[in-house]
Amino acid sequence: ALAIFYELYSMGIPMFIPSVDLLPFYVFRGLHSDGRLHHIAPEHLPPNNTEPPFVPSFGIRQWFAAGRAWSDRTDFARFPHLQRFGSVAELLAALAPGGTDWGAVSASMKAHNEETLVCSS
């Protein structure tokens, strides 16, 4: 998913991304987010019987509070000119005719990509 993100961004294709407040749910969702699903059968523990670093897990609220610090540092949160939405209604309004200036968004993405490409080389 991350590789296609950079490819689409570099081509200036507008992308809709959940708002920064919602990113922890999308970036850190899955079985690892709930401590009840972290049971490790004794035969699968390392020889010294220590648990892997991701265990013990946080509870769901703790996980998303801690996950916010990491999701805020992702390019999904940091790249400018991404079209953000906080609800389905906001997404549909932006997709409606006249809801988004696609040309301006695309040009801004391309300009940012050119600036950062020069900085990183």
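Student: Which residues is Q83 in contact with, leaving aside its neighbours within four places in sequence?

Tutor: They are M15, F16, I17, T100 and V105, where contact means heavy atoms within 4.5 Å. Bear in mind that this is a predicted model: local features need pLDDT of at least 70, side-chain atom pairs count only at pLDDT 80 or more, and totals for chains, interfaces and linings use all residues. Residues are numbered from 1 along each chain as its sequence is written, and side-chain values use heavy atoms, with hydrogens and water left out.

Student: Where is Q83 found, and is Q83 buried or exposed?

Tutor: Let's take the terms before the case. Helices (H or I, at least four residues) and strands (E, at least two) are DSSP runs, numbered from the N terminus. Buried means under 20% relative accessible area, exposed over 50%, and partly exposed in between (1.4 Å probe, protein chains only). Q83 is found in strand β2, and its relative accessible area of 17% makes Q83 buried.

Student: What pattern does the protein follow along the sequence?

Tutor: The pattern reads α-β-α-α-α-β-α-α, with 6 helices and 2 strands in the protein. Of its 121 residues, 25% count as buried. Among contacts with a separation of 6 or more, 71% come from residues 24 or more positions apart.

Student: How many aromatic pairs does a search of the whole structure find?

Tutor: Here is the general idea: a pair of aromatic rings is described by the distance of the centres and the angle of the planes. Rings of Phe, Tyr and Trp (its six-membered ring) pair if their centres lie within 6.5 Å; planes under 30 degrees apart count as stacked, over 60 as edge-to-face and the rest as tilted. The search finds 7 such pairs here. One of them joins Y9 and F79, edge-to-face at 4.8 Å centre to centre with 75° between the planes.

Student: Why does the pair of Y9 and F79 tie together parts that are apart in sequence?

Tutor: Y9 lies in helix α1 (residues 2-10) and F79 in the loop between α4 (75-78) and β2 (83-85), so the pair bridges parts 70 residues apart in sequence. Y9 is buried at 1% relative accessibility, and F79 is buried at 19%.

Student: Why is the pair of F16 and W102 edge-to-face?

Tutor: Their ring centres are 5.8 Å apart and the planes stand at 70°, so the pair is edge-to-face. F16 lies in strand β1 (residues 16-18) and W102 in helix α6 (residues 102-120), so this pair ties together parts 86 residues apart in sequence. F16 is partly exposed at 22%, and W102 is partly exposed at 37%.
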